[in-house]
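Me: Hi! I have a new model open and would like to talk it through. Could you start with a term I'll need for the side chains?

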Amino acid sequence: MQSFIFDAHLDLSMNALEWNRDLTKPLQAIRDREKHLTDKPDRGRGTVSLPEMRKGRVGLCVATQIARYVGLDNPLPGWHSQEQAWAQTQGQLAWYQAMEARGEMKQITNASELTAHLKLWENATDTSSLPVGFILSLEGADSFFELACVEKAYAAGLRAIGPAHYGPGVYAYGTDSNGGLGIKGRALLKEMERLGIILDATHLCDESFFEAMELFSGPVWASHHNSRVLVPHNRQFSDEQFSMLIARGAVIGTALDAWMLTPGWERGVSTPEKMGVSMQKVADQIDHICQLAGNSRHAAIGSDLDGAFGTEQSPYDLESIAGLQKIPAILRERGYKEEDIDNITHKNWIHFLLEAWK
């Protein structure tokens, strides 16, 4: 088994609060408790819990806060004011803090904490009771009802921000929408740069992406983003965008959502089995980044496995997040060296953070 896996995108607090999942429980117990529910398509099919992460030696992750503000003309689900969205993210923060107080998780905010956490996991023969490390990220910045919220969030440990999610946002335009950053978006980037907060380019529409890349000179990554060449959709990035990220020293995490791994996926109709979505498709995405970069230093894992989908929309040969351990063997079969596999499974993210947090 690979010694360590760093997953750069997990919506843990969303699952805990909005899906009402006790992530401290074994995965099967979570599935059993909700198998009679039909309010969400992934009920009884979840793939993530803290014990399951430990089982797969996923000892470190980028964990999100997320709350969308929606105006009267926005049909997406979300909160009706930015202040409500802020309150939702603060509830999510409280859950992470409760997990840390209980010893289930450990927040990582700087290089020394990161180094200490890595030593803890690397030296352990039994990881079943170790805290899962997390770096706090905000997916979509709508909840910042005033710019002063950014510094407050940083003081609470926030270390990465994706300005947009789906649709039009307060600070940027995201997936399935079009537009630039505007005055508020530019001010947000300036404040992030001042504080040293990482820009997560994930979900930015093309216009907002190119504008952000021009204006922002701080550290940038794409926590969970796949290739538009392999699966055409505006949610994915083009090779031009990936090349810009690579030139900036970014790391790009491959997402495991089935519709992002194969063309022609129909939500609620397609199945991973019928569409042939296996972990080999995940390796295809990783390999695409490696080939584009000419090395293994920019590809990584950003699974998004708990992003409002379960086994019904995951690779058919992955039963849970512990199945990320299949990636090293697949890459090995493709001729990847152990050094490259280590880079992809964890070292690229770690090197990025150590450089960003100097």
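Reply: Happy to. Buried means under 20% relative accessible area, exposed means over 50%, and partly exposed is anything in between. Keep in mind that this is a predicted model.

Me: Thanks. So is Arg186 buried, exposed or partly exposed?

Reply: Arg186 has a relative accessible area of 38%, so it counts as partly exposed.

Me: Which residue does Arg186 form a salt bridge with?

Reply: With Glu211, and the closest N and O atoms are 3.1 Å apart. That pair links distant parts of the chain, since Arg186 sits in helix H7 (residues 182–195) and Glu211 in helix H8 (residues 206–215), 25 residues apart.

Me: Why would side chains pair like that at all?

Reply: Opposite charges can pair when the charged atoms of the side chains come close.

Me: What about Glu191, which residue is its salt-bridge partner?

Reply: Arg194, with 2.8 Å between the closest N and O atoms. Both are in helix H7, and because they are three residues apart there, about one helical turn separates them. Glu191 has 13% relative accessibility, so it is buried.

Me: How far apart are the closest N and O atoms of Glu52 and Lys55?

Reply: They are 3.7 Å apart, and the two residues form a salt bridge. Glu52 and Lys55 are three residues apart in helix H3 (residues 50–55), so about one helical turn lies between them.

Me: And are those two buried or exposed?

Reply: One of each. Glu52 is buried because its relative accessible area is 13%, whereas Lys55 is exposed at 55% relative accessibility.

Me: Which residues does Glu52 touch, if I skip those up to four places away in sequence?

Reply: Leu27, Thr47, Ser320, Ile321 and Ala322.

Me: How many salt bridges does the structure hold?

Reply: There are 17. Some of the residues are joined up, too: Arg21, Glu34, Asp39, Asp42 and Arg43 are linked in a network of salt bridges.

Me: How many positive and negative side chains are there?

Reply: The chain has 34 positive and 46 negative ones, and the centres of the two sets lie 4 Å apart.

Me: Switching to the backbone. What is the phi of Asn20?

Reply: Its phi is near 55°, which is positive even though Asn20 is a residue other than glycine. You'll find Asn20 in the loop between helix H1 (12–17) and helix H2 (27–34). At 66% relative accessibility, Asn20 is exposed.

Me: And where is Ala308?

Reply: Ala308 is in the loop between strand E9 (299–301) and helix H12 (326–333). Here phi is about 70°, again positive although Ala308 is not a glycine. With a relative accessible area of 34%, Ala308 is partly exposed.

Me: Now the big picture. What does the secondary structure come to?

Reply: The chain has 13 helices and nine strands. Its C-alpha trace spans about 50 × 45 × 45 Å along the principal axes.

Me: How does the radius of gyration of the chain sit with that of a compact globule?

Reply: It agrees: a compact globule of 358 residues would have a radius of gyration near 21 Å, and the chain has 19 Å.

Me: What share of the residues is buried?

Reply: Buried residues make up 59% of the 358. As for contacts with a separation of 6 or more, 72% are between residues 24 or more positions apart.

Key: Residues are numbered from 1 along each chain as its sequence is written. This is a predicted model: local features need pLDDT of at least 70, side-chain atom pairs count only at pLDDT 80 or more; totals for chains, interfaces and linings use all residues. Side-chain values use heavy atoms; hydrogens and water are left out. Helices (H or I, at least four residues) and strands (E, at least two) are DSSP runs, numbered from the N terminus. The radius of gyration is taken over C-alpha atoms; the globule rule is 2.2 Å times the number of residues to the power 0.38. Buried means under 20% relative accessible area, exposed over 50%, partly exposed in between (1.4 Å probe, protein chains only). Contact means heavy atoms within 4.5 Å. Lys and Arg count as positive and Asp and Glu as negative; His and the chain ends are not counted. The place of a charge is taken as NZ of Lys, CZ of Arg, CG of Asp or CD of Glu. A salt bridge is a side-chain nitrogen of Lys or Arg within 4 Å of a carboxyl oxygen of Asp or Glu.
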